[in-house]
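Please look through the sequence and the model below.

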Amino acid sequence: QRRVRGAMRGYLWVGEKSPVFGYTWQRAWCALKSGMIVIQIPDKGEQRVNLKLCQVKSDAFNIARAFCFTLFSPVKPLILQAQSSQEKENWVMTIHKAIANAIHEIDTKHTIPDNSNSGRDSKTRIKDNIIPLSVLRELQEVPGNMICADCGKKKPTWASLNLGVLICIECSGIHRGLGVHLSQVRSLTLDALSNEQIELLKSVGNAAANKVYEAELNEEKSLTNHVEKKRSLS
């Protein structure tokens, strides 16, 4: 395990769920750098995961092995195992920071300069950078995005950038309370979003995200099932 200027690399065990044998484990070389984690498994090639759309959790559900943690991505959760408790803490802490830095980098690139003496010019410039209604409609047409990813309320107008989901204004307050290291909240009607941020939201969507985050929930407890029941009663 090595850390150099915010980057980190070393060997981790990667767990893959098998329908027959539970989890199978393979040793992989992992490198964390420039907002990406690169995982190299012998005979399986290289896997690159963009940390802008990920969350890391310092444990792994229903895994008996020690020193495991979970990296949630829009594709699937990755179960990773370190060789010691200290190594696990180092990986989780560094990934947390890398996720926050990746999101902050997008925001910094898209900061609207305010070097004009005219208040009117400044307001016009900000208004021009707010996403148009047509783009908002495109985002809401992504599978699952017509309802809030958390509570099921119709036509959400807020987003969690790093989770890639749309949420309602009530749930956005809860997300803000979680902290920016867990959820980067923005308004789709009040905040200026970069093209990269919009593309990130289009590439995930509520339906795909909830398949990952609700993967360990049974049907009775899943948000999708809860919303469908609520609709049938209304």
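**Rings, cores and a helix face**

The charged end of Arg27 lies over the ring of Tyr11, at 3.8 Å from the ring's centre. The model in which this is seen is a predicted one.

Tyr11 also takes part in an aromatic pair. Searching the whole structure gives two aromatic pairs. One of them joins Tyr11 and Trp29 in an edge-to-face arrangement, with 5.0 Å from centre to centre and 70° between the planes. This pair links distant parts of the chain: Tyr11 belongs to strand β2 (residues 7-18) and Trp29 to strand β3 (residues 22-33), and the two are 18 residues apart.

Tyr23 is partly exposed, because its relative accessibility is 25%. Trp25 has a relative accessible area of 17% and is therefore buried, since buried means under 20%.

Next come the nonpolar cores. The largest of them has 23 residues, and Leu51, Leu71, Trp91 and Ile95 are those with the most contacts inside it. Which elements give two or more residues to this core? They are the strands β2, β3, β4 (36-41), β7 (68-72) and β8 (77-81), together with the helix α1 (85-109). The most comes from α1, which gives five residues.

Leaving aside residues up to four places away in sequence, Leu51 touches Leu32, Gly35, Met36, Ile37, Leu71, Ile95, Ala98 and Ile99. Two of these partners, Leu71 and Ile95, are also listed with Leu51 among the residues with the most contacts inside the core.

The last stop is helix α6, which covers residues 206-213. Its buried residues are Asn206, Ala209, Asn210 and Val212. Viewed down the axis of α6, these buried residues fall within an arc of 155°, so they line one face of the helix. An α-helix has 3.6 residues a turn, so residues three or four places apart point the same way.

How values were computed. Residues are numbered from 1 along each chain as its sequence is written. This is a predicted model: local features need pLDDT of at least 70, side-chain atom pairs count only at pLDDT 80 or more; totals for chains, interfaces and linings use all residues. Side-chain values use heavy atoms; hydrogens and water are left out. Buried means under 20% relative accessible area, exposed over 50%, partly exposed in between (1.4 Å probe, protein chains only). Helices (H or I, at least four residues) and strands (E, at least two) are DSSP runs, numbered from the N terminus. The arc is that of the directions from the helix axis to the C-beta atoms. Rings of Phe, Tyr and Trp (its six-membered ring) pair if their centres lie within 6.5 Å; planes under 30 degrees apart count as stacked, over 60 as edge-to-face and the rest as tilted. A charge sits over a ring if NZ of Lys or CZ of Arg is within 6 Å of the ring centre and within 35 degrees of the ring normal. A nonpolar core is a set of buried Ala, Val, Leu, Ile, Met, Phe, Trp, Tyr and Cys residues joined through side-chain atoms within 4.5 Å. Contact means heavy atoms within 4.5 Å.
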